[in-house]
Amino acid sequence: MKARIVGTGSYLPEKILTNFDIEKMVDTSHDWIVTRTGIEERRISAADEDTSDLAVKAAQRALDMAGVSADEVDLIVMGTVTGDYPWPATACLVQAKLGAKKAFAYDISAACSGFLFALSCADDFLSHGRGKKALVIGAEVFSRAIDWTDRNTCVLFGDGAGAVLLEAQEGDSGVLSSHLHSDGSHFEMLYQPGFGTRNPPSFEGLEARLTFLRMQGNEVYKFAVRSLTEVSKEALNAHGFSSEDVGLFIPHQANLRILEATVKRLKFKAGQYFVNVNKYGNTSAATIPIAIDEANRGGLLKEGDLVLMASFGGGFTWGGTLLRW
Ligand code: ACO
């Protein structure tokens, strides 16, 4: 029994924030941002749009594509680090808004790797017969967790959501394997210092801007390229495949330089890998499911194709998943 993707969906907020808009907010330029990151614009949620709202729209589109109603879903697993509330899990809010009455629902906190970690959990449930249909979602509203006065980080991120509906099926199509890793010894290179138990809510913490993402960009860059490359090779080697066997490589869309350095090391050819970071920036856990949906609706995924996905994010966390479309 394999967990097969039978529906995909994504949702991007309407509001577009271009690099030229950001030029008016901090000391930066369109050219600097494009040269260093490949990002041209990103989407920003409306004031009344929360992470669960983005997630529900993406999930509903995945359900519609599959022709499945929400009350048939057995579980909802969602990758996010920008949930509506610290708790309960945003997946529970999504479950209620969708009307997925019989589904159990929980969040995975693995930053940009959240979707692949969530996909692996859902795959384990379905491939072991514990449920037939699962929604796996990656959704973030990072625009509310970044410091819009910090040019080092504010240019990189955007809001969005993507979702897939997995169904347990016999046959060759579906998830072949997931390869997940973490190294918490570097957590301070990419994290949000407040307001958890380490730095509980305080006026001093607000003044010190502790609720915003902190990042050591250069170090993250090096770790990301190395980890994305290694975990992609690990996933391919596990099945005796090489990069030539891959129909489409869908890497986490953090920035174009990380992505190009990775595909070069893996020897992927132009057209063999997916890029949309120019339009949306880094939407963290949402980048891979948004890319899957765009690739699927764009006709880039054919039955039988080998699809490789790879992610890297705060924690550090990283993962690679291989599936047969
Ligand atoms: N506009 C203009 N100048 C800037 C900006 C900006 N937006 N941001 C930084 N600078 C300046 C810096 O202040 C620095 O100036 P200084 O030399 O006077 O101190 C200079 O540009 C060079 O800074 P570097 O950090 O060396 O620039 P670098 O070439 O490394 O690019 C970047 C920075 C784009 C952040 C890069 O390190 C990177 O891509 N890192 C990966 C980060 C990332 O993608 N994080 C996302 C989360 S993790 C993930 O999803 C994989």
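A residue is near a molecule if one of its heavy atoms lies within 4 Å of it. On that rule, 23 residues surround the ligand, the closest being Thr28, Arg36, Asn218, His252 and Asn255.

A quick word on what you're looking at. This is a predicted model, where local features need pLDDT of at least 70, side-chain atom pairs count only at pLDDT 80 or more, and totals for chains, interfaces and linings use all residues. Residues are numbered from 1 along each chain as its sequence is written, and side-chain values use heavy atoms, with hydrogens and water left out.

| Protein atom | Ligand atom | Distance |
|---|---|---|
| Arginine 36, polar side-chain atom | oxygen | 2.6 Å |
| Arginine 151, polar backbone atom | nitrogen | 2.9 Å |
| Glycine 217, polar backbone atom | nitrogen | 3.0 Å |

The protein buries 75% of the 1000 Å² that the ligand exposes when taken alone (accessible areas by the Shrake-Rupley method with a 1.4 Å probe).

Where does the largest share of the shell around the ligand come from? That would be H8, with 4 residues. Helices here are DSSP runs (H or I, at least four residues), numbered from the N terminus. H8 spans 217–237, and H2 (30–37), H6 (151–154) and H9 (256–266) are also among the helices that each supply at least two shell residues.

The shell draws at least three residues from each of domain 1 (2–171) and domain 2 (176–324), with bounds from an automatic or database domain assignment. Taken over C-alpha atoms, the two domain centres are 14 Å apart. As for contact (heavy atoms within 4.5 Å), 51 residues of domain 1 meet 46 of domain 2.

Notes:
A polar contact is a pair of N or O atoms within 3.5 Å; within protein, one must be able to donate a hydrogen and the other to accept it, and residues adjacent in sequence count only if both atoms are side-chain atoms.
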